[in-house]
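This report describes a structure with two chains, taking the fold of one chain, then the other, then the contact that joins them. Please keep the sequence and the 3D view at hand while reading.

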Amino acid sequence: MSLVNMPGAGANEVVLRVENLCKVFRLPGAHGQAFKALNQLNLAVTRGRTLAVVGESGSGKSTMAQLVMKLQRPSAGRVSLRLDSGMRDIADLPARELYRKIQMVFQDPYASLNPRQRIWRIVSAPLCNYERLSRDERQQHALHYLQQVGLGEAQLHAFPHMLSGGQRQRVNIARALATKPEILILDEPLSALDVSVQAQIINLLLDLQRDLGLTYIFISHDLAVVRHFADQVLVMKSGDMVEWGDVDQVLENPAHVYTRQLLQSVPGRLIDLPVRTQSASVVADG
Amino acid sequence: MILSVKNLSIEIDGKPAVRGLTFYVAAGEVLGVVGESGCGKSMVNMALMGLLPDGVNASAEQMEACSVDLLRAGPRDWRALRGGKMAMIFQNPMSALNPCLTVERQLKESVLQARTGMSRASARAEALRLLDRVGIAHAGARLKSYPHELSGGMAQRIMIAMAVASAPQLMIADEPTTALDVTVQAQILQLLEEIRRDTGMALILVSHDIGVIEQCAHRVQVMYSGQIVESGDVGEVIASPCHPYTRGLVAAQPGRSGLPPKSRLTTIDGSVIPITEEVEGCRFRLRCSRTDHRCEQPQRMRRAAANSYRESRCHW
């Protein structure tokens, strides 16, 4: 596939590129079979835009995120990131440099914050990898980022259990912002939240993108949110890239049968499909 | 009426939590219940099934299900009701199944509970029929499976098979698809609808997803902080909500907001007040965008339109 045809490639500057990325896991057991979690993924993400990645569980969305974050090693292929010096393979980048550019917000705000640390410690922890900071300085930095996500002094000394789900997700975002990254990977950041809180977090993410020029990779299974929030969408199934393109184009004119199936599965009238066909029939899954 | 509840209140350690719920479900009807976490949805379900934990007490003027007075039901009556005329399925099918027992053991248990005295062979045949009914292929082989060998959708189908083993008149489904993928969710919702159509059972479908309710329910009631704040025909309520909370919930959904992509969504200010906290007047007052002195009085459910059964707990 030529680079021009990659999802996300456009007139703007490419900040992240994934080429032929593969990940094979070995299933447990002495003669465990190989399981292809990700198969030949290619994509490019442009600055200041949002690429949504959708697909059902097991489609390889989170594996992709972990490979891009260098939390797993790819079996083949590479991920490169734009630095001032040009595109660099993340395999060659020291962690310090990588995590200045790219950060991640995790799905479960209840599990992803250390319950024994106060919020200021959690938020300022990434900074301690870069410079020596006094307690006061750390608290000042933490307050700054908390204010950026709509929290404040009241939460600075709190423990995670004292906060609501929405507040915790804000803390997660503040922590991700602390190294001033250019790219945020958002791994289902809304799915553990209530509807009205989801809307608040979507608004926050939109504001941050506008103010800080952030680039998002937004992993989600909620097509209504994707349509509202993303510029481009990549549809995945069992480790394969099924379809990609501009959100309007893919969601209004799905070319692949699986994308259409996903759209038809959205309950209620959240998304109007141009082609009304029978909804997914009952067949045993798995 | 399969279920009629009048003025149901639930107290946690003596503090009021659920406050005066009145509702009913008719045979063959799907009642949708919408609300955010902590609004008391699950507590009401537990009260209906007689499963409230210690320290949590329910009281009501009337609570009658399948012609049994639940207020006077003793342990024997409850045992006959649960897994008999009433059944319940839960959010996470994986944790609802016993991981140490095969599907066959668990399914046969439900079958034998519903029909005492049935032979083992015919219980197995019935289990096979049920698996077939809920759309599981190779039912014979599946009977030997343990829960960890099943996908989430498959496990939820088996929970449904166990629930329908007794041909219940009322099924309570508490967020049955929240843990599932969107394509599997569509299959499970369709299965529930088919069973309802074939057996004429009533279904209480609890969800925080307005889309799910819109697709499946006939009537909907919206809960906020231990009260029903709006109820009525599902299409009417979603198309033109009367209560400001319902309006906020509907508008907060990106697919319904009617706003252009990438614009800020309408949100409800503040957060849900704890269910046991006392509030003077309307419980939504502190988050509402339109308040006056009348909101300082407790609000009752009012008829929203002359010739409709729509009600809203708001005076505007």
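## Chain B as a whole

Of the 316 residues in chain B, 47% are buried. The model is a predicted one. The secondary structure of chain B amounts to 11 helices and 13 strands. How far does the C-alpha trace of chain B span along its principal axes? The spans are about 70 × 50 × 35 Å. A compact globule of 316 residues would have a radius of gyration near 20 Å, so the 21 Å of chain B agrees with that expectation. Taking contacts in chain B between residues at least 6 apart in sequence, 63% join residues at least 24 apart.

## Two domains in chain B

The domain assignment divides chain B into domain 1 (27-43 + 73-85 + 168-312) and domain 2 (93-165). Taken over C-alpha atoms, the centres of domain 1 and domain 2 of chain B are separated by 30 Å. The contact between these domains involves 12 residues of domain 1 of chain B and 12 residues of domain 2 of chain B. On the side of domain 1 of chain B that touches domain 2 of chain B, H8(B) gives the most, with five residues. The residues of that side of domain 1 of chain B are nine nonpolar, three polar and no charged.

## A covered helix

Is H11(B) mostly covered or mostly exposed? H11(B) is mostly covered, with six of its eight residues buried. These buried residues are Pro244(B), Tyr245(B), Thr246(B), Gly248(B), Leu249(B) and Val250(B). Within chain B, the buried residues of H11(B) pack against H9, strand E10 (219-224), strand E11 (227-233) and helix H10 (234-239). They also pack against helix H7 (195-212) of chain A.

Strands of a sheet pair through backbone hydrogen bonds, either parallel or antiparallel.

| Strand order (chain A) | Strands | Pairing | Form |
|---|---|---|---|
| E2-E1-E4-E5 | four | antiparallel | open |
| E6-E7-E8-E3-E9-E10 | six | mixed | open |

In the sheet of four strands, which is open and antiparallel, the edges are strand E2 (34-46) and strand E5 (86-89) of chain A. Each of these edge strands has a single partner strand, so one side of each is left without a neighbour in the sheet. The twist from one strand to the next averages 20°. Within this sheet, strand E1 (residues 14-26) and strand E4 (residues 76-83) of chain A run antiparallel and are joined by five bridges. Glu19(A) stands opposite Arg78(A), a residue in E4(A).

In the sheet of six strands, which is open and mixed in pairing, E6 and strand E10 (240-246) of chain A are the edge strands, and each pairs on one side only. Neighbouring strands of this sheet are turned by 15° against each other on average, with direction ignored. Strand E7 (residues 183-187) and strand E8 (residues 215-219) of chain A pair in the parallel sense over five bridges. Ile185(A) stands opposite Ile217(A) in E8(A). Helix H6 (residues 165-177) of chain A lies across E6 and E7 of chain A, and runs at about 170° to E6(A).

## A loop residue

Where is Ser112(A) found? Ser112(A) is in the loop between strand E6 (102-105) and helix H3 (119-124) of chain A. Ser112(A) has 19 C-beta neighbours inside 10 Å and therefore counts as partly exposed; a buried residue would need 20 or more. Leaving out residues up to four places away in sequence, Ser112(A) touches Phe106(A) and Asn172(A). Arg168(A) is 56 residues from Ser112(A) along the chain, and their C-alpha atoms are separated by 9.1 Å.

## Where the chains meet

How many residues does each chain bring to the contact? The contact takes 40 residues from chain B and 33 residues from chain A. Helix H7 (152-164), helix H8 (182-199), helix H9 (210-216) and helix H11 (244-251) of chain B each supply at least two residues of the side of chain B that touches chain A. H8(B) gives the most to this side, with nine residues. The residues of the side of chain B that touches chain A divide into 17 nonpolar, 16 polar and seven charged.

Technical notes
Residues numbered from 1 in each chain as written. Chains lettered and ligands numbered in written order. Predicted model: local features only at pLDDT ≥ 70, side-chain atom pairs only at ≥ 80, totals over all residues. Contact = placed C-beta atoms within 7 Å. Nonpolar A, V, L, I, M, F, W, Y, C, P; charged D, E, K, R; others polar. Pairing = 2+ DSSP bridges. Axes fitted to C-alpha atoms, helices over the stretch in contact; angles between N-to-C directions. Rg over C-alpha atoms; globule rule 2.2 N^0.38 Å. Buried ≥ 20, exposed ≤ 12 C-beta atoms within 10 Å, placed from the backbone. Domains from an automatic or database assignment.
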